[in-house]
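Work through the exercises below with the structure open. Try each task before reading its solution.

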Amino acid sequence: MNAPTKLAELLPEVAQAQGKELPHESAKLHVTGEAVYTDDMPELRGTLYAAIVKSPVAHGELIGDGIDRETLLAEHGVVAVFTARDIPGENNCGPIIHDDPFLAAGKVEFVGQAVAVVVARDMLYAREAAAKAKVLVKELPAILTIEEAMAAQLFIMPPKGITRGKPVEAIASAPHTITGSTYCGQQEQFYLEGQITYAVPREDGQMTLYVSTQHPDGNQREAAAALNLNTKDVEVICRRMGGGFGGKEGNASIFSQSAALAAHKLGKPIKLRVNRDDDMVITGKRHDFRIDYTVGYDDAGRILGADFTLMSRCGYSTDFSGPVNDRAVLHIDNCYHLPNLHIISHRCKTHTQSATAFRGFGGPQGMFGIETVIEDIALKLRKDSLEVRKANLYRHPAESGDAGSMTTQYGQEIIDWVGDKLIDDLEARSQYKARRAAVQAFNAQNKRKKRGIALVPLKFGISFTATMLNQAGALVHIYQDGSVSVNHGGTEMGQGLNTKMAQVAADALRAPISMVRVTASDTQKVPNASATAASSGADLNGAAINNACDQLRARLDAVDAGRKLPWAELCKQAWLQRVGLSQTGFYMTPDIKYDFTTLQGKAFYYFCYGAAVSEVEIDTRTGEQWLKAVDIVHDVGRSINPAVDKGQIEGAYIQGMGWLTMEECIWDVKGKGKDANGNAMGRGKLLTHGPSTYKIPVASDVPEHFNVHLFDNENVRDTPFKSKAVGEPPLMLALSAYFAIKDAVAASACHSKVAPLTAPATPERILMTCEALKAL
């Protein structure tokens, strides 16, 4: 056999790495199966395996520990069982508010909540014992839905809102008003690699956790607190994840702490890898939202006043529900100036898994609300929805005559607005007008099948709204042979972050890209790192790497003294002259000041913009839908790696399309009887907990006509290479797919009535909405 090609051999020597379409640093490893994930690591001698005992009821009081410990210990291969009483320190995996025990204590509040950890000699034994375990619980009434929580006035935190201008008066005096309600559903992250931790005890009470996680620092701190250790005594390492999408930002701690507890108690390595069913039953989803609205508008479709009520299902604990719901409020405007606005956000407590982070983090739900209003106004006025969208866009005060027409509802002035130009670019590229006419012609000739088309823009703010999280660190080593090791606080989950960071480091050092390697995220190399989330990974970590590399380059320039030595020779000379070749870097995002208690201030460093045209076809008798064509123009600033960015845009769109058209979480809202172990089977069980019942998009759902163009722009802010974030914003481009479906459904009634379609627009919902329009 030939020796495997090293990735460095695939990378060209380039004068400037940034801006080049270099391959993903693990591309060859991915396709050959050589990429090492947590479960692929060689196991140490004596490794034991853990599984989770789950609550069978949505709400109940545990009797004692909630388990029959002796019966469990008698199961084949079982060596230990741990419950909340065995935790030496803090029992918490709540990332913000410490209201979320990683093992239930005294009560359970959702079906699937972790009650105990079973440890056995084999993973199969552990899982079998956990599945057989009878949970001792007295069932209590459960609240499952947004409507039930609103009726009971049960919330995980007080409501928040914004009032701008005089919305009541503006709505009352408007020529037209519309009142409605809509809904967008939950979504499972469905990462390919499930939740996993390999916990390895070290000497003197130390612990190393190999975790598939977006936030190693969070896992480190929470495990240390649970075990009564100092943070310095726990190391968390993550080389790569097989996807995260927000589901491994906070939820990974449920499993990392459970494994750490068992390893700490037994002094043995512990592997905890849950199967897909347990993963989906235990972990949180995207927040689903009910959105009620009353809007006043004029004959041109301009929104004069708007009143929104947002209600989200947050689950049983706080998790990230505060900032998720805040961001929904901050993105209710999308690309539109809303001069008179009232919005209130209710964060409903339910006896379900704590809803958690998911790509977009509340932004998609907020945009879904305003885009629903835009579509309803267009239908009422018999206008093309693009015309109504253009009528409501942010405009510069010199053009509008309104000093506030480029200021958001939370008081931030938009200084990088390109939304109108980008929409015009896409309208021309996609030949939108001609395609709209073709859709109308098709619908006039076809009774059973209808087509729809929609052009939907986006404006998405980039920064953590928790200001203190907008910081990052890096560690860069240069070796005598000129090779470079880069470590940063971000995590690689397939999005290409490490590829971009290698490009940033190579350019900053003026080194060949083939000499740069980005190593596994490690809390003992870069401490106190924020989660890889909020689309900030490249901005924050790239700037920290630049900070370290700039200092190193200054030292190397002094050694070179204008001689233009080859890179490797220069590094050797620096070592001979006893010049330090290792450097930490640090960055904090400047010029942001936001008060999360009032939802006012400069929340974001900058904005990303994009727009998509989607064209669909539906069968009005079956509800089937086909995505026929997608055209996208998206703003990534000056792209560090256009190939990686386009991949992110395509993947985000398809994931967003899944959320809005097919991915549906279905709950047992009745529930009766008992299971085979005698456990009460109460309300609140997730019925869609695997690929057989939960449908995500596949290759055949992607249309052949799928065009992505990067908008010609650069960031007005100082970011690496003047680039912009690309992780989350493109997901919202898929709103165009949903509203194209809604347009097609409305066509079944000749666009004479507002289609009461909610998301996801599954075939069942499409069919029922078409039938409902007939009865209206």
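This is a predicted model: local features need pLDDT of at least 70, side-chain atom pairs count only at pLDDT 80 or more; totals for chains, interfaces and linings use all residues.

**Exercise 1. A serine in a loop**

Which residues does Ser 405 touch, not counting residues up to four places away in sequence?

Solution. 
- Step 1. Find the residue: Ser 405 sits in the loop that runs between helix H13 (397–400) and H14.
- Step 2. List the contacts. With residues up to four places away in sequence left out, Ser 405 touches His 337, Tyr 394, Arg 395, His 396, Pro 397 and Ser 400.
- Step 3. Look for polar contacts. The side chain of Ser 405 reaches the backbone oxygen of Arg 395 at 2.6 Å. It also makes a polar contact, at 2.5 Å, with the side chain of Ser 400.
- Step 4. Decide on burial. The relative accessible area of Ser 405 is 2%, and buried means under 20%, so Ser 405 is buried.

**Exercise 2. An alanine in H13**

Is Ala 398 buried or exposed? State also how far its C-alpha atom is from that of Met 150.

Solution. 
- Step 1. Ala 398 belongs to helix H13.
- Step 2. Its relative accessible area is 83%. The cut-off for exposed is over 50%, therefore Ala 398 is exposed.
- Step 3. Ala 398 and Met 150 are 248 residues apart along the chain, and 44 Å separates their C-alpha atoms.

**Exercise 3. The buried side of H12**

Solution. 
- Step 1. The buried residues of H12 are Ser 385, Leu 386, Val 388, Arg 389 and Asn 392.
- Step 2. These residues lie on the same side of H12, because they cover an arc of only 160° around the axis.
- Step 3. Recall the geometry of a helix: an α-helix has 3.6 residues a turn, so residues three or four places apart point the same way.
- Step 4. Inspect the start of H12. There, a side-chain oxygen of Asp 384 comes to within 2.9 Å of the backbone nitrogen of Leu 386.

**Exercise 4. Backbone angles**

What is the value of phi at Asn 228 and at Ala 534, and where is each residue found?

Solution. 
- Step 1. Start from the general rule: most residues other than glycine have a negative phi, and most peptide bonds are trans.
- Step 2. Asn 228 has a positive phi, near 60°. Its place is in the loop between helix H7 (216–227) and strand E11 (234–238), and it is exposed at 56% relative accessible area.
- Step 3. Phi of Ala 534 is positive too, near 60°. Ala 534 is in the loop between strand E20 (521–522) and helix H17 (537–560), and at 11% relative accessibility it counts as buried.
- Step 4. Turn to the peptide bond from Ala 759 to Pro 760: it is cis, with omega near 5°. Pro 760 is in the loop between H20 and H21.

How values were computed
Residues are numbered from 1 along each chain as its sequence is written. Side-chain values use heavy atoms; hydrogens and water are left out. Buried means under 20% relative accessible area, exposed over 50%, partly exposed in between (1.4 Å probe, protein chains only). Helices (H or I, at least four residues) and strands (E, at least two) are DSSP runs, numbered from the N terminus. The arc is that of the directions from the helix axis to the C-beta atoms. A polar contact is a pair of N or O atoms within 3.5 Å; within protein, one must be able to donate a hydrogen and the other to accept it, and residues adjacent in sequence count only if both atoms are side-chain atoms. Contact means heavy atoms within 4.5 Å.
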